[in-house]
Amino acid sequence: MINLNRLAMYAAVVEAGSFTAAADALGATKAVVSFNIKQLEQELGVALLTRSTRRLALTEAGEGFYRHCARLLREAEAAVDEARSGQSALSGSLRVTASVDYGNRVVAPALAAFAREHPGLQVSYRAGSAHADLIAERLDLAIRVGALEDSSYRATRIGQFKLWLVASPALLAQHGAPRSPQALAALPWLANRPGRSDRWRLIDGKGREHELRVAPVAQADTASALLAFALAGCGVAALPEWLLDEPLARGALQRVLPSYSLPRQEVYAVYPDTRHVSAKVRRFIDFLRARLGPAGAA
């Protein structure tokens with residue numbers, strides 16, 4: 001019979017990076033954790049971890065076993081959640097990740113509000129890479145913006161938002177406010193998609209498409225960094241509407257060719273494709289979708 005407690009201890013050691021940190025996280029002693037890991041290795045007949053005075057590392061077998069443990073523990077948690085789904089109160093943990101800017105601006109406040117409604121639920125939020133391994137890192141849910149990469153995860157669309165073209169008054173005074181897509185393309189540009197930002201697709205008021213070929217003068221991998229470049233007058237930027245209320249209101253930035261629009265950005269909830277989707281994941285997705293509203297922005 002598989003001892004789930006030992007699997008949970010092993011996963012905790014891997015995630016915490018040491019027996020001491022894992023024991024603290026589990027509320028157990030280091031000796032108890034160490035004993036259970038040794039027992040687990042004896043039962044399996046393989047070494048899962050290599051230990052030294054300075055560091056703890058996974059063996060090849062231990063690395064593969066951890067992935068299976070993470071999936072099994074997730075399935076066990078989801079099965080318990082499903083059994084309890086008739087109850088209104090949520091418990092356990094909910095681990096969410098999102099891209100830095102959208103996560104900090106939209107997802108984290110929503111998660112905080114959700115936690116207030118469910119005080120028995122322990123929430124955890126991490127702003128990070130779009131390439132996070134949800135299963136290996138034991139994340140319940142990722143909120144992703146834009147086109148999704150092919151993966152084994154499940155995804156559901158929860159909203160969308162607009163991108164606006166903006167520039168500083170100083171830049172427009174220097175180069176002149178553009179009155180056509182061709183004039184716009186001649187301005188200095190800021191790139192938010194390294195390697196793929198030399199082409200932009202604009203749609204005019206009659207639904208006609210205009211492709212712009214531009215030469216970016218700078219690039220950044222977050223919207224907040226692009227905002228800083230735009231505020232400094234470095235170039236034209238395509239930024240999400242939810243980031244622009246304050247700089248537009250105080251005149252630090254101006255919209256450029258507002259009668260033309262860019263394709264909307266889709267927002268997705270992404271989660272492991274397991275047999276059971278936990279009640280806490282389903283309910284947070286519904287909560288976030290309702291919070292975003294018809295326009296898809298908080």
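Predicted model: local features only at pLDDT ≥ 70, side-chain atom pairs only at ≥ 80, totals over all residues.

Tutor: Happy to! Residues are numbered from 1 along each chain as its sequence is written, and side-chain values use heavy atoms, leaving out hydrogens and water.

β7 (residues 163–167) and β12 run antiparallel and are joined by four bridges. Two strands count as paired if DSSP finds at least two bridges between them. Helices (H or I, at least four residues) and strands (E, at least two) are DSSP runs, numbered from the N terminus. The open sheet here has three strands in the order β12-β7-β13, with antiparallel pairing. Its edge strands, β12 (237–240) and β13 (254–255), each pair on one side only.

Now for the five-stranded sheet. This open sheet is ordered β4-β3-β5-β14-β6, and its pairing is mixed. β4 (121–127) and β6 (154–161) stand at the edges with a single partner strand each, so one side of each has no neighbour in the sheet. Direction ignored, neighbouring strands are turned by 20° against each other on average.

The parallel part includes β3 (residues 92–98) and β4, joined by seven bridges; R95 has S124 as its bridge partner in β4.

Helix α5 (residues 100–117) lies across β3, β4, β5 (141–145), β6 and β14 (265–271), at about 175° to β4. Helix α10 (residues 279–292) lies across β3, β4, β5, β6 and β14, at about 15° to β6. Axes are lines fitted to C-alpha atoms, for helices over the stretch in contact, and angles run from 0 to 180 degrees between N-to-C directions. Contact means heavy atoms within 4.5 Å.

How does the chain divide? An automatic or database domain assignment supplies the bounds, giving domain 1 (4–84), domain 2 (92–156 + 269–292) and domain 3 (161–264). The centres of domain 2 and domain 3, taken over C-alpha atoms, are separated by 29 Å, and their contact takes four residues from domain 2 and six residues from domain 3.

R95 brings us to the second largest pocket: among its 18 lining residues, A12, E15, L26, R95 and R138 lie nearest its centre. On a 1 Å grid over the protein atoms alone, a pocket is an open set of points where a 1.4 Å probe fits, with protein on both sides within 12 Å along at least five of seven lines; lining residues have an atom within 4 Å of a point. Its volume is about 560 Å³, meaning the space filled by probe spheres set on the points, which are joined across faces, edges and corners. Domain 1 and domain 2 each supply at least three lining residues. α1 (4–16), α2 (19–26), α4 (60–83) and β4 each give at least two, with the largest share, seven residues, from α1. The lining divides into 10 nonpolar, two polar and six charged residues, with Ala, Val, Leu, Ile, Met, Phe, Trp, Tyr, Cys and Pro counted as nonpolar, Asp, Glu, Lys and Arg as charged, and the others, Gly among them, as polar.
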